Every structure is written in structure tokens, then in C-alpha cells.
Amino acid sequence: MTNSVFGPMATGLPEGADLDEIRADLAGDHVAAPSGKDQRELADLVARARADGIELSVVVVPGNPWHDSQLRDLATEVGKFEHGTVAVFSDDWIGTDSDSISRVRLEWAEDTAKYKGGDTAEAVGIFADRLERPDGISWSVLTGVLIAITVLLVGGLAWLKARRRATEHAGPH
């Protein structure tokens, strides 16, 4: 039997990721980082996000995995035991999982926080700030308003056409 070149391939977790160690490290301040990485600034950023209503947990992995999807896989695994939003940062990439924030919003927040050259505090700050921003436009409301305007315009034009037709059929008095 041969493997299909076009089939999905599991990426797995970044090398050295130990879920038991991550769980234990997250227990104190919702930050898990390699030894030697100063967690105080990260813990302050996470605490601020949590005070603003975002249940953020941050995991930092050293370097970059061979594929960025490994970070999302790790975030998904951590999300199975850590409630809220999990963001996994490598030197240049981010992987996220959340039970309360949409994938679109997560990826929007990820975009400007990538490629910070290992400055995890800067990346976490940017990511959290974008999540804290209110949605600019409710696309559902905008769509509803546009549909209502269209219905009113079509109804108004039909009414005018019917009135004109009635006036033409009535003829001169």
C-alpha cells in the first residue's frame, strides 16, 4: 500500500514539548516557558489580559519548530486542560486555540505579533492588545441593515410603479 501525496499529514507537537511540564508550569501564573526565560514580564502581560476579560495562557517554546502548525497543535492539546485562550509562541510564530474567541479573530491578532525575533514579551503584548480591541464592525448587523435597505427600496419602487400604473389606467377625468 502506498501513501497518498495529497493526504493530510499529522504534524505533531514541537520537539521537546512535555504536556505534563507545561500543565505544571501554567498552574501558577498561566505562563509556561523554558528555564532561563524571564517569566515575570510575560506573567504581567497575561495578568493584564485576564483583568481585561481575556482568559489568556501563554506557552513559549525555544526556537522555531519545523512547521508552524505544530504550535497550533500544541495549543489545541493545552486547550484540552487549560480553559480560555492558549497562545503558543516560538521565536517567530504563534499557534492558538480558544474556547471563547473565534479563529478569525485569533488569526487577526496573531498576524502582527509574528516575527519578533524571539522577543516573546513584545509578541504577547501585541497579541493581547489586539484581542482586547473591540470589534470594529458587526458584519451581521451591517448585512442586516443592507438587506433591510434593499427590501425598502424594492418595496418603494414597486409601490411607485403600481401607483403610476393606476394613474395611467384611470385616464383623464
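Which residues form the negative surface patch? Select Glu41, Asp44, Asp119 and Glu122, and you have it on screen. Keep in mind as you click around that this is a predicted model.

**Stop 1: the negative patch**

Stay with Asp44 for a moment. Colour helix α2, residues 40-51, and you'll find Asp44 in it. Is Asp44 buried or exposed? Its relative accessibility is 55%, so it counts as exposed, the cut-off for that being over 50%.

**Stop 2**

Next, switch to cartoon and look for the strands. There are four of them in an open sheet, and you can trace them in the order β1-β2-β3-β4, with mixed pairing. Which strands stand at the edges? Those are β1 (31-32) and β4 (94-98); each has a single partner strand, so one side of each has no neighbour in the sheet.

Now zoom in on the β1 end. Strand β2 covers residues 56-60, and it runs parallel to β1, with two bridges joining the pair. To see where they meet, select Ala32 and then Val59 in β2: Val59 is the bridge partner of Ala32.

**Stop 3**

Follow the chain on from β2 towards α3 (69-79), and in the loop between them you'll come to His67. How exposed is His67? Its relative accessible area is 33%, so it falls in the partly exposed class. Pro14 and His67 are 53 residues apart along the chain, yet their C-alpha atoms are separated by 8.5 Å. Draw a distance line between those two atoms if you want to see it for yourself.

**Stop 4: the nonpolar patch**

Last stop: helix α6, residues 139-170. Select Ile137, Trp139, Val141, Leu142, Val145, Leu146, Ile149 and Leu153, and you have a nonpolar surface patch of about 780 Å².

Trp139 is in helix α6, and it is exposed, at 59% relative accessible area. Val145 is in helix α6 too, but with a relative accessible area of 42% it is partly exposed.

How far apart are Trp139 and Phe127 in space? Going C-alpha to C-alpha, the distance is 22 Å, for a separation of 12 residues in sequence.

Key:
Residues numbered from 1 in each chain as written. Predicted model: local features only at pLDDT ≥ 70, side-chain atom pairs only at ≥ 80, totals over all residues. Heavy atoms only, no water. Patch = residues over 30% accessible without salt bridge, like charges linked within 9 Å, V, L, I, M, F, W, Y side chains within 5 Å. Areas by Shrake-Rupley, 256 points an atom, 1.4 Å probe, with all protein chains shown as cover. Salt bridge = Lys/Arg side-chain N within 4 Å of Asp/Glu carboxyl O. Lys, Arg positive; Asp, Glu negative; His and termini not counted. Charge placed at Lys NZ, Arg CZ, Asp CG, Glu CD. Helix = DSSP H or I, 4+ residues; strand = E, 2+ residues; numbered from the N terminus. Buried < 20%, exposed > 50% of the residue type's maximum accessible area, 1.4 Å probe, protein only. Pairing = 2+ DSSP bridges.
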